[in-house]
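Please read the following briefing alongside the sequence and the structure. It is arranged by topic.

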Amino acid sequence: MSNTTDVPLAQITETLEAYNSNVKERSDRLINYFMIAFFFTGIGLAFFYDTWTIALGVGGLNLLAYYSIKWALPESDLYQYVLSVCLGIFMAQFIFQMHGMFEMHFFAYIGSAILITYQNWRLQIPMMIFVVIHHLSLNYIQSLGYGEVYFTTLDYLEVRTIVIHIVLTGVIFFIAGLWAHHLRKYNGIQLSMMAYIKEKKAHQDALEKLNNELKISNQEAIDARLDAEKAAQAKSIFLATMSHEIRTPMNGVLGMTSLLTETTLDDEQKDYVNVISTSGEALLNVINDILDYSKIESGNLDLEEMSFDLHKCIEDVIDLFAKRATVQQLDLLYEIDHNLPEILVGDAFRLRQILINLVNNAMKFTKEGEVHVSVKHLGTLNDVVDILFEIRDTGIGIPEEKLNKLFKPFSQVDSSNTRKYGGTGLGLVISEKLVKLMDGAINVSSKVDEGTVFGFTIRSVAGSPDAHQLLVVDPVQNAGKKVLIVDDNHTNLRILKGQLEQWNLQPIVYSDPTEALKYIDGPDQPDMLITDMQMPEMDGIELARAVRAKNSTIPIILLSSVGDEGKHRNTDLFAAVINKPAKTKQLRKIVHQTLHQQMLTVKDKDGNTNTLNVEFADKYPLEILLVEDHPINMKLATRILNKLGYAADLAANGLEAVEKFSKKNYDLVLMDVLMPEMDGLEATRVIRGFGGHQPKIIAMTANVMSEDKNACFVAGMDDYLSKPIHIDSLLEQISKTFNEKSRTSQ
């Protein structure tokens, strides 16, 4: 937007241009009359002095010269300068026709006055030059005795006379030019300022009108904002209520399903239970997506600032999809730039959520090939790290015209009734908004039938690594050792090669096992072999057997997919078996230790140990009070605690909980929040008001909004478990309570 002070200047310029154009047109019309008058003046003089040839010849040439230039160059000002000379020639013509009458010189002054109408002082110069040359040359010629030039009726003019005459002529021309200059300058400005004042008055009237309209609009906006705030508050209350009402029965469904898996089931029953559990988790994910979207839209989602291990964060996501990748026969790979700090400060939970959404999408739409997660270092400034995440797949791709639908809420690329892939259409929307909260941006590129790449950036702060993360074996002693890598996946080969080079090892890569065997037959023997399990023509076990037949001392590490049973039957062939994708720290440790020891047997223990075991209570003895009003949830929680070996006391509401606590010291209280007579928050406040021994109080509730969690902590609760309850989370809280109790009692 231009500066407001430029507006008057622009308007003055426009007005001046219009004014000058008007002056030019008006002066042109006036000159037409003068040119005709000058021509007929010459004709009139011819009657008296019989100078018809001069009158018609010179006068006609003047008209021809002026009008031809004006017609040929209508946009140019050249014809005005030609006019100036023509007026001087008319003066000379009249002097000649009247045989040197001195008064005829005043025709030059008449021409000078005419030129003022153009308001251009430069037009005086051509006529002035012509007049000076005319007077000097003709006066000189006549003084030599040529009387026919008819410059003056006198025989000659004195030098002083001619000089005074020329000086006075110059003064007249100067005054005429100065007058033309001032007319052009000040008339235009006055006109433009009048136009500006008029326009300013119109603007003031328009501004007053706009101001009144703005006041009305502001009031309407205030009213609309209040209505929107009320609607947002009502939506939040509705979502919180619906979340609680859905999560409460879901807690029973998923909880009882978890208990059912601990019982003896045949294969068909296990399949049914698995379907129930998977469907319940899917429904829970839908609820979580809707709640997250609502939190972000209302501005109630705040990111945590906690130190976390970047490698562990990525590997946790990869672990979630490892088994699924095996079932789909996909290569799931990840690669982390070694220039990135291992410890970052940020919200690891939300970062995992973004990665889970994107990796899940990639695997959903990829039938064969690979899904590759790469993490790249973009730069660091004052411990602030810019990181690029890319999730690349070889799936079906997305048409270019449908890419704009990806980040719209409740929108999907295929929204037809026959669509093949499900989902709420919120995952990418939530991811995009979370990325923006992390000071980043998300983008996508795709080609149909070739694959898709989702990339996003975040900005984080570098943290300090823990000392215990150092390797047990010093990697320096293994520097330069040769490691033969065999994998038919070129991306995985590149990743492994880069990792080994970073660890100062010398990788030798082959995608064909037969070529690798030829290398082993040669004189240059490797110090270690790393091989993939699934390869065409010859798998990892067959390759290991062939290598063992040639060299029994080379340690072999097998990279195998989760769920592959072949690795368990051939452990004698391998120094170590690692699930794909290999975790960076795990692979580094095993490689260095294996090279150091030249023998490391890693056996995979795969027993079916029940999560729920009565020995748990013997290990972590606690007095537990369970407060729950919902009969199904009470039955579920009681059954879980019984299977862990606990005989928990029960309370159906907050009043009963307070009464039971007044009679017995409990170590742990599992407290529901929404209950009749007295809710969990009020009961917690009453218990915290008692003196003496205080239990650890953990909320177990279906209220999962951030304000609900904060309300629990404000009331005095120590921790929070959302329903449906995950058994692992409950076990962690119980063991943590016992450890805290033990430290306190020491």
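Is Cys86 buried or exposed? In this predicted model, Cys86 counts as buried because its relative accessibility is 3%, which falls under the 20% cut-off.

**Cysteines**
- Cys712 likewise counts as buried, because its relative accessibility is 2%.
- The structure holds zero disulfides; a disulfide is a covalent bond between the sulfur atoms of two cysteines.

**Helix H4 and Ser112**
- Helix H4 spans residues 106-115 and contains Ser112; the helix is mostly covered, with seven of its ten residues buried.
- The buried residues of H4 are Phe107, Ala108, Tyr109, Gly111, Ser112, Ile114 and Leu115.
- Ser112 has a relative accessibility of 1% and therefore counts as buried.
- Leaving aside residues up to four places away in sequence, Ser112 touches Gln124, Met127, Ile172, Phe173 and Ala176, and with Gln124 there is a polar contact between the two side chains at 2.5 Å.

**The open five-stranded sheet**
- Five strands form an open sheet in the order S9-S8-S10-S11-S12, and their pairing is parallel.
- Strand S9 (506-510) and strand S12 (576-579) stand at the edges with a single partner strand each, so one side of each has no neighbour in the sheet.
- From one strand to the next, the twist averages 20°.
- Within this sheet, strand S10 (residues 528-532) pairs with strand S11 (residues 556-560) in the parallel sense over four bridges, and Ile530 stands opposite Ile557 in S11.
- Helix H11 (residues 490-502) packs on the sheet, where it touches strand S8 (482-486), S9 and S11, and its direction makes about 170° with that of S9.
- Helix H12 (residues 513-521) also packs on the sheet, touching S8 and S9, with its direction at about 155° to that of S8.

**Strand S15 and its partners**
- Strand S15 (residues 668-671) is covered on both faces, with Leu668 and Leu670 buried on one side and Val669 and Met671 buried on the other.
- Strand S13 (residues 624-627) pairs with S15 in the parallel sense over four bridges, and Leu670 in S15 is the bridge partner of Leu626.
- S15 also pairs with strand S16 (residues 696-701), in the parallel sense and over four bridges, and here the bridge partner of Leu670 is Ile698 in S16.
- Between S15 and S16 the chain crosses through helix H18 (residues 680-689), and this β-α-β crossover is right-handed.

Conventions. Residues are numbered from 1 along each chain as its sequence is written. This is a predicted model: local features need pLDDT of at least 70, side-chain atom pairs count only at pLDDT 80 or more; totals for chains, interfaces and linings use all residues. Side-chain values use heavy atoms; hydrogens and water are left out. Buried means under 20% relative accessible area, exposed over 50%, partly exposed in between (1.4 Å probe, protein chains only). Helices (H or I, at least four residues) and strands (E, at least two) are DSSP runs, numbered from the N terminus. Two strands pair if DSSP finds at least two bridges between them. A crossover is right-handed if, with the strands pointing away from the viewer, the path from the first strand over the helix to the second runs clockwise. A polar contact is a pair of N or O atoms within 3.5 Å; within protein, one must be able to donate a hydrogen and the other to accept it, and residues adjacent in sequence count only if both atoms are side-chain atoms. Contact means heavy atoms within 4.5 Å. A disulfide is a pair of cysteine sulfur atoms within 2.5 Å. Axes are lines fitted to C-alpha atoms, for helices over the stretch in contact, and angles run from 0 to 180 degrees between N-to-C directions.
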